[in-house]
Amino acid sequence: MSVIKCEKNIFVLETKNTHYALCVDGNGYNRHIYWGKKCAPQDYFVQCTGDENSNHTRLDEYKQEMTVFGGTMFRDCDIKAQFSDACREIDLEYVESETKGNTLVITFRDRYYPLAVKLNYETFDDSDIMKRFVTVENTGTEDILFEKLYSAEFNLPSVKPYKFQNTNGAWGGEFVKCETKLQGGYAVWESRKGASNHSNSPYFIASQNADENKGDVYFASLAYSGNFKVCASRDLYGVTRITMGMNEFDFSYTLKAGESFDTPPVYFGYTCSGFGDMTRQMNRFALNNILPKSFAHKSLPVIYNSWEATGFDVNTQHQTKLAQIASKLGVELFVMDDGWFGQRKDDRAGLGDWYVNKEKFPNGLGELISNVNSLGMDFGLWVEPEMVNPDSDLYRNHPDWAYHYKHRTANELRHQLVLNMTRQDVQQYIFETLDKLLTDYNIKYIKWDMNRPFSETGAENLENPKMYSYLHTMAVYNIVDRLKANHPDVAIESCASGGGRCDLGALSHFDQAWTSDNTDGIDRMTIQKGYALLRPVKTMRAWVTDIAGINKPCTLDFRFNVAMQGALSLGGNLLKYSGEDLEICKKYIAIYKEIRDIVQFGDLYRVLDDEQDDVLLNNYVSEDKKESVAFLCARGTRFYKKRIPVTFGGLDENKIYQLNFQGEKYVKSGAFLMNVGIPAHIRGAYYNEIIHIKEICD
């Protein structure tokens, strides 16, 4: 909402409900003062102390907004650099501050070397979420080599231990929540694979005495898709600090004379109303301030993807048959996946050759796209631009375009190598080939995949090859932005061998994300729960597929119930579906179209948790609270039956609503539905219900 400048260089970032206070003290150090509920701005002050002893100096004790390497500061630092004469310490002095509207910039400079450091903050009128990042400037004539360049440091107010939530997942098991109570030492969450999300997530959630509806929760999410690191620590005196930014693993950045560099931004907030409020805050903020504007407030369509039905064996006739079935079900966007390009018969060849395979499509893609469009659907296409098969025209012509070391054998994970996206010629090739596809054909959607982590990351074109992770990530962002500028009606999905690139950085450029290659209905209950903690629900692509028939069989109705809690998609082999199965698909797609705006743009209330309560109940409520939809499901009830009162979240207690549930019609106040609830008899292996709640207007 605003930035308040008080006496003695004290600054207060004020949102609707919170304060974040910091200052520059009398010695020129940046200092953190407070983060939490609002107080009187004039009451804030900074405590100045002396050294405790030779092992515990005042610098090491200070709570800071940014810690630089050097002097008697022995804890983790945020910025570490080497100057041209090999000095590796930074010694900053305060220069000035500037407040302009909702922004604050505090500038420091090194007392000797030509380095300026700026702390940047921004508040937003419509949210309690804030933004921050760091700018470094080289004001001299010699290079400055940064060994570490984080985006933010946070200090939590209580001296009691905090519980930290993050994810501890893997391919096929992304976003599995884990909890750590940090009583001392360090806890680290990071990525070293080149993308941001398969295992840990680039955020922290720190809480005390919190559940879904109450308790103090502090949270921050790094908007960056490359290697990241989040490090939380708690010292003997109860001070909990968190640092976060680009991972210093295999990283350095050379700042040339006259250049400046902005670190990836961090979005952060506080709530005293539990994890549910945290999720709703970030979801609303992302819709309004992070997602690309072209689709942020547009409903995402129901997709059918033909991969499970056809694999690499694609052609016009077969794809058209699938499209004909999909259109009758109510699908709005038909997507052809892998196999349409180059000599792509399996995953061993053709990757990188983004021209249409003439054997499979002798008339190009135009005939298929025309067929799909005539059925009332848009057409989409799968690509994997950052990768290359050694068995491809691209690699035979440009073997140097892949990351490599001259005297090392490259590991071909999934029979492919990673293209060196830091090269301008590689970037231009990818942009031009995709731009030509989108220009030549009526394509409305691109599924951008990335199916392997980085290895052998030699980049001979770079003076400092350790800059590859950052530059690669920025190249992806840049190409996506250029494509969207030329083709504003094309939506682009971020996919990275499942949910490997779903951070807020990716979602600042991509319109939606592939949540996981694991589409098992039961597993997705857990995966989607973790995804939606600090990511917008709208971006979560959720598929109904046939995978559920392999490991943990569950009904088609159950799979739809789970998938309809995000951006609904279908991916099963429709050619093998029975007439009854097709009618089930048709029914649920029609229901989803009625409620999808509530799901994609509404507020999520997690009422029951399947792992704790045996039953999952997610309640989505429209912003005006006139409508709600609740998804109720249980993967298996024990001891024959489960009779519980079902309550709902987020309704207006003064409104009167109606709903139908288990053969009964109810007309009740919002207060009754939220506090008393309605009786439910939950029984069976794959119990599921979708409850549409509507306000009764006079």
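Analyst: A salt bridge is counted where a side-chain nitrogen of Lys or Arg lies within 4 Å of a carboxyl oxygen of Asp or Glu. By that criterion the structure, which is a predicted model, holds 37 salt bridges.

User: What makes Asp25 and Arg31 a salt bridge?

Analyst: Their side chains meet at 2.9 Å, N to O. The cut-off is 4 Å, so the pair qualifies. Both partners are shielded: Asp25 has a relative accessibility of 6%, and Arg31 one of 5%. Buried means under 20%, so each of these residues is classed as buried.

User: Why are Asp91 and Arg111 said to tie together separate parts of the chain?

Analyst: The salt bridge between Asp91 and Arg111 spans 3.2 Å, N to O. Asp91 lies in the loop between strands E5 (79-82) and E6 (92-100), while Arg111 lies in the loop between strands E7 (103-110) and E8 (115-122), so the pair ties together parts that are 20 residues apart in sequence. Asp91, at 38% relative accessibility, is partly exposed, and Arg111 is partly exposed at 42%.

User: Which residues are linked in a network of salt bridges?

Analyst: The network links Lys529, Asp609, Asp610, Glu611 and Arg635.

User: Why is the pair of Trp35 and Phe268 called edge-to-face?

Analyst: The structure holds 40 aromatic pairs. In the pair of Trp35 and Phe268, the ring centres are 5.7 Å apart and the planes stand at 75°, so the pair is edge-to-face. Trp35 belongs to strand E4 (residues 30-37) and Phe268 to strand E20 (residues 266-271), so the contact ties together parts that are 233 residues apart in sequence. Trp35 is buried at 1% relative accessible area, and Phe268 is buried at 0%. The two rings also belong to one aromatic cluster, whose members include Tyr20, Tyr121, Trp189 and Tyr270.

User: How do you know that a charge sits over the ring of Phe431?

Analyst: The charged end of Arg482 is 3.7 Å from the centre of that ring and sits over it.

User: Which residues touch the most other members of the largest nonpolar core?

Analyst: They are Trp340, Trp448 and Phe560, in a core of 86 residues. Helix H12 (residues 579-601) supplies the largest share of this core, eight residues. A second, separate core has 57 residues, including Val24, Leu92, Tyr113 and Ala220.

User: Why is Gly571 called buried?

Analyst: Its relative accessibility is 0%. The limit is under 20%, so Gly571 counts as buried. Gly571 is found in the loop between strand E30 (567-570) and H12. Gly571 and Ile325 are 246 residues apart in sequence and 12 Å apart in space, C-alpha to C-alpha.

User: Why are the phi values of Asn9 and Arg414 pointed out?

Analyst: Most residues other than glycine have a negative phi. Asn9 is not a glycine, yet its phi is positive, about 55°. Arg414 likewise has a positive phi of about 55° without being a glycine. Asn9 is in the loop between strands E1 (2-6) and E2 (10-14), and is partly exposed at 23% relative accessibility. Arg414 lies in the loop between helix H7 (393-397) and strand E25 (417-418), and is partly exposed at 32%.

Conventions:
Residues numbered from 1 in each chain as written. Predicted model: local features only at pLDDT ≥ 70, side-chain atom pairs only at ≥ 80, totals over all residues. Heavy atoms only, no water. Phe/Tyr/Trp six-rings, centres within 6.5 Å; stacked < 30°, edge-to-face > 60°. Helix = DSSP H or I, 4+ residues; strand = E, 2+ residues; numbered from the N terminus. Buried < 20%, exposed > 50% of the residue type's maximum accessible area, 1.4 Å probe, protein only. Lys NZ or Arg CZ within 6 Å of the ring centre and 35° of its normal. Core = buried A, V, L, I, M, F, W, Y, C linked by side-chain atoms within 4.5 Å.
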